Amino acid sequence: MQSPRPAVRTTCPYCGVGCGILATPDGAGGLTVTGDPEHPANFGRLCVKGSALGETVGLKGRLLAPRIGGHEATWDHALDLVARRFCDTIAAHGPDSVAMYVSGQLLTEDYYAANKLMKGFIGSANIDTNSRLCMASSVAGHKRAFGSDTVPGLYEDLEQADCVVLVGSNLAWCHPVLYQRLAAARDARGTRVVVVDPRRTATCDIADLHLPLAPGSDAVLFNLLLAEIERRGLVSEKPEGLDEALAAARATLPGATGLPHSALRQFVDLWCDSDRIVTVYSQGVNQSDSGTDKVNAILNCHLATGRIGRPGMGPFSVTGQPNAMGGREVGGMATMLACHLDIENPVHRGAVQDFWQAPRMAAKPGLKAVDMFRAVEDGRIKALWIICTNPAVSMPEADRVARALAGCDFVVVSDMIARTDTTRLAHVLLPATGWGEKDGTVTNSERRISRQRRVLAPAGQARDDWRIIAGVAARMGWGDAFAWDGPAQVFAEHAALSGVAGALGSDFDISGRAGITATDYDLLEPFLWPQSAARQGGRFFGDGRFHTPSGRARMVAVAPRPPQPTSDGHPFRLNTGRVRDQWHTMTRTGLAPRLSRHLAEPFLELHPADAARLGLAPAALAEVSNPHGRAILRVLVTDRVAPGHPFAPIHWTDETASCGRVDVLVPGAVDPHSGQPALKSATVAIRPFPADWYGFAISTRQISPDCAYWARAVLPSGQQAELAGQGEPQDWSETARTWLGMAGEPLVFRDPRQGLVRMAFVQEGRLQAALFVAPGPVALSRGHLAASLGADCGGEILAGRPGADRMDAGAVVCACFGIGVNTIRHGIATQNLMTVEAIGRALGAGTNCGSCKPELKGLLCAVAGQPQPDDPSSGKRALMESRG
Ligand SMILES: Nc1nc2c(c(=O)[nH]1)N[C@H]1C(S)=C(S)[C@@H](COP(=O)(O)OP(=O)(O)OC[C@H]3O[C@@H](n4cnc5c(=O)[nH]c(N)nc54)[C@H](O)[C@@H]3O)O[C@H]1N2
Ligand SMILES: Nc1nc2c(c(=O)[nH]1)N[C@H]1C(S)=C(S)[C@@H](COP(=O)(O)OP(=O)(O)OC[C@H]3O[C@@H](n4cnc5c(=O)[nH]c(N)nc54)[C@H](O)[C@@H]3O)O[C@H]1N2
Ligand code: SF4
Ligand SMILES: [Mo]
């Protein structure tokens, strides 16, 4: 018998909370995963995405070998080709004719290598990252206010605060463990929580006050707050620009927020009366064409009152990606230099060049993401290397970006997954190791550096990203500068460079770790930066000293700008964002059946008044369009969004749906300071999608439909797909065989009067596939059908009803334990469960990651006949149940 393998301490690869994980290999290529009780980010907690990591590490869908032009190639061939094409392009057209587009999901060591190659050796700063879509406005705002891109506070500040304001942050779904820490602190000490978001999100479950402000009016809100801070005599500091900022604040009129006076007053009272106050902000602030000003409007209030850098107080930009912070540290954006140094400062450039012994330093900032893809489009960039990101889905004007890639002379993509919307457009594909296989460090939102450790062997021929980059660098002639033998050496070099930066005044200095050995690196415990002889960890700016030339903080006079107006032709403002159980373009979370059960289809949250006016019933399909593109989304009627302001998730791609990419609708308008695009405010037209028929299918094989609307998701034993089309196929049996990957004759049930067609493929008594077609959205219990796939079945499946002896669990609420809405309702009714905790004790729901607690609370209220507080999935659930 094999002895049990020890658990490996590592870090979650999803959000910026950066939870510690104990991963235990099962010896068969899989992993079991639990929270690391000793990690200071999560103290043992994990959310549902982290808990499901073990389901995503298999070989399914992986890119296992390099490919050139779609054909498998050796590493030598592929790396030679990339190096040769980059060298030839540079020789013919100069260093700015090539570019790299990288990611906040790279490890620091990968990121460091990419930045060194591009800025120091190729000699161009044309390296930008998906962090441009994510954190760029926070970076620009920090630099304007603090003189450096420094996150002042710590997670424990959220626990020590008397009031926490969440602005444009759906913390419950996007930073679930930090949300749980806040919720626990609120239970323990009555922390007041304010949510500022046009939508009523799951986060509102713990809000004492929800401000559903007009989209884009955050700067107005914080200017009003600043004016009131002055009026109440709370200005205690004298930052630079104070008078100008106050004057701008005083000149701001309250109307634009659309909030009633009483709500504004409550907000101002709470903020002003709480000395210990933390203002957390995220994409509702950053992703705007005036995002940097909004950031500074928030920072102004903390700077004027001195509520910064001390326990329980400060502004807090929560980062999205696991290594958004590490990317900033290595200077991974086109506008930065390594270790928070300034690319436009010749002294800084010289110091980095000396340290790297770099032959050709970039002398000016490079192209920011949106401009970079424009340069690809018009041929200024002729060779592009994309690493660890999926821009054909996630960039604004996504169709235009995809066309630009299709027209580019040479596109290289490093990814761990074979088929994505972006890998499809590559000339060369390089297989990267994924989480569980790679070794390195990441930095979370509170500046804590943690190790990701290798637990599994690399899949196929996959290699670590830093090693791939070093391989190309060596073939371009710079082998000596990239001759690391492991990530520990890359980290040590980065730490040593940070010492050079620290001597030049940089906040980012981890030179205390510059001498690290491979053994120390293996054992490295999570630590906060800075780590130098002068400073170890802690908060910044509590002493009133900032990184500006004068040492004083800077307030910025903000003149709030409204978002681009809607028009008669495009009267809706489309808000976009995330759902609880999926990560971005779903290349990994989409592999886990348990994560696909929460919300399995691209959807549009639409206010009832809008839905009625447009003639869109719940579960109908809507066509959303503007001159940039078009999407077809399932309608979810809900008053959690305001009239005129629908919301759609960002996760669906051409791999998972026929027409579900929302970024085809988002224009490329950017913030003038940060270059961050306004991803939350596309103006669109909406109309019913005229489907002649609707369908639902399950199969043990890959489902490949050919109809106007489809969206597929994984099941434990196959796939499911929602379908709809215009013009009925001639022969449904033949169509079903093709789409569901089946052979032979299906059992068929037809009801011509009702326009129903149902068919099932059964082999040796086991259900292999089924297709249900109806003239309207198909009303069926998806959960029951999914559970029947691959199981023994009789003809009853064509009745589409649960077996008489079984209760249909209904749409899944608790994804960790797969507990459905009907099971929970039944439990509440029959076992007299009165609280979320009682549900947990009786049924287990909500006891692992806790992500579904807001929904459990909603169900309790519904059963008790009270108005539901905030159950963001209840609309979706009603929708699914109406069909089942
Ligand atoms: N489950 C899950 N978690 C994730 C991710 C994921 O893909 N899935 N991605 C990670 C990443 S990279 C990021 S960047 C973070 C993002 O984390 P968040 O920023 O919390 O998430 P979003 O859903 O993008 O947007 C947050 C909220 O902004 C609101 N909003 C829109 N417009 C405005 C406005 O004008 N003002 C205000 N105040 N609010 C507005 C939206 O309604 C939305 O609820 O999440 C991280 N965590
Ligand atoms: N409309 C709208 N658009 C948005 C947003 C929004 O809120 N609204 N949010 C924006 C934000 S904040 C972000 S962060 C972006 C995210 O957008 P993307 O970065 O495009 O999304 P991901 O799906 O995370 O892409 C990561 C890719 O890297 C691959 N990968 C994973 N691990 C590795 C690895 O170790 N090495 C390599 N080489 N590849 C790997 C994955 O398979 C996947 O293909 O989307 C942005 N786009
Ligand atoms: S909150 Fe969830 S997704 Fe974020 S790091 Fe922790 S376990 Fe991972
Ligand atoms: Mo992000």
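This is a predicted model: local features need pLDDT of at least 70, side-chain atom pairs count only at pLDDT 80 or more; totals for chains, interfaces and linings use all residues.
Close-up 1. A backbone N or O atom of Thr433 is placed 3.3 Å from an oxygen atom of ligand 2. In the side chain of Thr585, an N or O atom lies 2.6 Å from an oxygen atom of the ligand. The side chain of Lys680 likewise has an N or O atom 3.0 Å from an oxygen atom of ligand 2. The protein buries 98% of the 920 Å² that ligand 2 exposes when taken alone.

**Close-up 2. The shell of residues around ligand 2.** There are 32 residues around the ligand, and those that come nearest are Gln105, Ser394, Asp415, Thr585 and Asp663. By residue class, the shell comprises 14 polar, 11 nonpolar and seven charged residues. Domain 2 (67-133 + 325-438 + 457-485) and domain 4 (572-668) each contribute at least three residues to this shell.

**Close-up 3. Buried and exposed residues of helix α17.** Helix α17 spans residues 398-407, and its buried residues are Ala398, Val401, Ala402, Ala404 and Leu405. Viewed down the axis of α17, these buried residues fall within an arc of 160°, and they therefore line one face of the helix. Because an α-helix has 3.6 residues a turn, residues three or four places apart point the same way. Arg403, Ala406 and Gly407 are exposed on the other side of α17.

How values were computed:
Residues are numbered from 1 along each chain as its sequence is written. Chains are lettered from A and ligands numbered from 1 in the order in which they are written. Side-chain values use heavy atoms; hydrogens and water are left out. A residue is near a molecule or strand if one of its heavy atoms lies within 4 Å of it. A polar contact is a pair of N or O atoms within 3.5 Å; within protein, one must be able to donate a hydrogen and the other to accept it, and residues adjacent in sequence count only if both atoms are side-chain atoms. Accessible areas come from the Shrake-Rupley method with a 1.4 Å probe; for residues, only the protein chains shown count as cover. Ala, Val, Leu, Ile, Met, Phe, Trp, Tyr, Cys and Pro count as nonpolar, Asp, Glu, Lys and Arg as charged, and the others, Gly among them, as polar. Domain bounds come from an automatic or database domain assignment. Buried means under 20% relative accessible area, exposed over 50%, partly exposed in between (1.4 Å probe, protein chains only). Helices (H or I, at least four residues) and strands (E, at least two) are DSSP runs, numbered from the N terminus. The arc is that of the directions from the helix axis to the C-beta atoms.
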